[in-house]
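Colleague: I am new to reading models of this kind. Could you take me through this one and give the rule behind each word you use?

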Amino acid sequence: MQKQKAGMAAALGTYVIWGLLPLYWNLLAAATADEILAQRACWSFLFMVLVLVVTRRWQAFKRDCRELWQDKKRGLLLIAAAVLITLNWLTYIWAVNNNHVIDTSIGYYINPLMSVLFGVIFFRERLTAAKKVSFALAAIGILLMTYELGKLPRIAVALALTFAVYGAVKKKLHLAPFSSITLETMLMLPAAIPYTIFLMQTPQSHFGPAFPLLTLLLAGTGVITAVPLLLFSYAANTLPLNVLGFFQYLSPTVALLLGIFFFHEPFGLQQLFAFGFIWAALLIFTLSESLHHRAAKPPETAPSE
């Protein structure tokens with residue numbers, strides 16, 4: 001019971017931190033999205049190397065590297081994962097710093113449904129009737145938003161699409177999360193390091209003695225990337241998937257509330273109506289997943305006397 005409580009606390013911490021990330025990116029609003037992304041890649045890699053050493057996963061990391069070097073197909077999948085997470089991070093940071101926090105919330109609300117869709121496409125997974133209803137409701141919600149905006153909510157779709165494809169690639173890759181994020185950020189370095197050095201020679205840079213607070217915050221992007229990953233890893237290894245699934249809606253909910261009450265982005269009855277379809281879709285989807293996991297769980301045997 002204590003271990004499960006700790007797992008729930010870790011899951012809560014994970015998704016609350018992810019939900020509050022717009023506040024952190026807002027502190028970095030003076031910097032451009034590409035500068036923040038480059039700095040995040042560099043500091044995340046350094047911090048993940050430290051995490052691997054402290055958590056005694058360095059040997060496992062080296063073993064994963066050898067296996068990837070020998071399996072070129074998995075190596076290409078890793079490169080694809082790095083490209084996708086780079087696009088996802090860049091879109092998210094740009095969206096937050098350009099007053100589209102609610103759009104990011106929409107993206108991460110529909111992401112679980114998008115992931116299931118890719119499961120059908122790439123892994124030939126079957127949809128239950130409840131999940132089909134979920135997709136229909138979510139589609140109606142997106143269509144209503146498109147009608148209200150006069151255009152497709154591109155940021156939300158881009159975030160959901162890149163993260164869903166990223167998830168599908170990671171499923172094919174079969175790589176431990178600590179090794180994966182370390183290698184993905186390492187693959188960003190050939191572009192991130194030269195770009196950071198180039199920026200530091202120009203007035204556009206916000207990293208250095210002239211900007212002590214921004215410099216500290218940019219360096220901190222490595223911490224805010226790795227800490228939720230550590231918490232999530234613990235939660236995923238402790239909690240059943242159906243319990244963990246309920247927590248994943250915390251971060252877009254926190255982001256939505258921030259978008260409305262902190263960033264003061266427009267959110268009227270029309271947006272609420274469209275959101276209602278997405279929330280209904282997620283409720284049906286989550287309850288369906290919960291019932292499925294309960295049905296699949298083997299019955300407990302009576303204890304022997």
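Colleague: Why is H174 called exposed?

Modeller: H174 has a relative accessible area of 63%. A residue is exposed over 50%, buried under 20% and partly exposed in between, with a 1.4 Å probe and protein chains only. The value of 63% is therefore on the exposed side for H174.

Colleague: What should I know about the source of the values?

Modeller: This is a predicted model, in which local features need pLDDT of at least 70 and side-chain atom pairs count only at pLDDT 80 or more, while totals for chains, interfaces and linings use all residues. Residues are numbered from 1 along each chain as its sequence is written, and side-chain values use heavy atoms, with hydrogens and water left out.

Colleague: Where is H174 placed?

Modeller: H174 is in the loop between α7 (154–173) and α8 (177–200). Helices (H or I, at least four residues) and strands (E, at least two) are DSSP runs, numbered from the N terminus. H174 also has a positive phi of about 55°, although H174 is not a glycine.

Colleague: What is the phi of H264, and where is H264 found?

Modeller: H264 has a positive phi of about 55° and is not a glycine. H264 is found in the loop between α12 and α13 (269–296). With a relative accessible area of 62%, H264 is exposed.

Colleague: How many helices and strands does the protein have?

Modeller: There are 13 helices and zero strands in the protein.

Colleague: Why does the radius of gyration of the protein agree with that of a compact globule?

Modeller: The radius is taken over C-alpha atoms, and the globule rule is 2.2 Å times the number of residues to the power 0.38. For 305 residues a compact globule would have a radius near 19 Å, and the protein has 20 Å, so the two agree. The C-alpha trace spans about 65 × 55 × 40 Å along its principal axes.

Colleague: What share of the residues is buried?

Modeller: Buried residues make up 45% of the 305 residues.

Colleague: Why does P252 count as buried?

Modeller: P252, in helix α12 (residues 250–262), has a relative accessible area of 2%. The cut-off for buried is under 20%, so P252 is buried. Not counting residues up to four places away in sequence, P252 touches S105, Y108 and Y109. Contact means heavy atoms within 4.5 Å.

Colleague: Why is T225 called buried?

Modeller: T225 lies in helix α10 (residues 221–238). At 9% relative accessibility, T225 is under the 20% limit and therefore counts as buried. Leaving aside neighbours within four places in sequence, T225 is in contact with R40, S44 and W89.

Colleague: What makes the pair T225 and S44 a polar contact?

Modeller: The side chains of T225 and S44 are joined at 3.3 Å. A polar contact is a pair of N or O atoms within 3.5 Å; within protein, one must be able to donate a hydrogen and the other to accept it, and residues adjacent in sequence count only if both atoms are side-chain atoms. The 3.3 Å of this pair is therefore within the limit.

Colleague: Is V54 buried or exposed?

Modeller: V54, whose place is in helix α2 (residues 33–54), is exposed, with a relative accessible area of 60%. The C-alpha atoms of V54 and F263 are separated by 38 Å, and the two residues are 209 apart along the chain.
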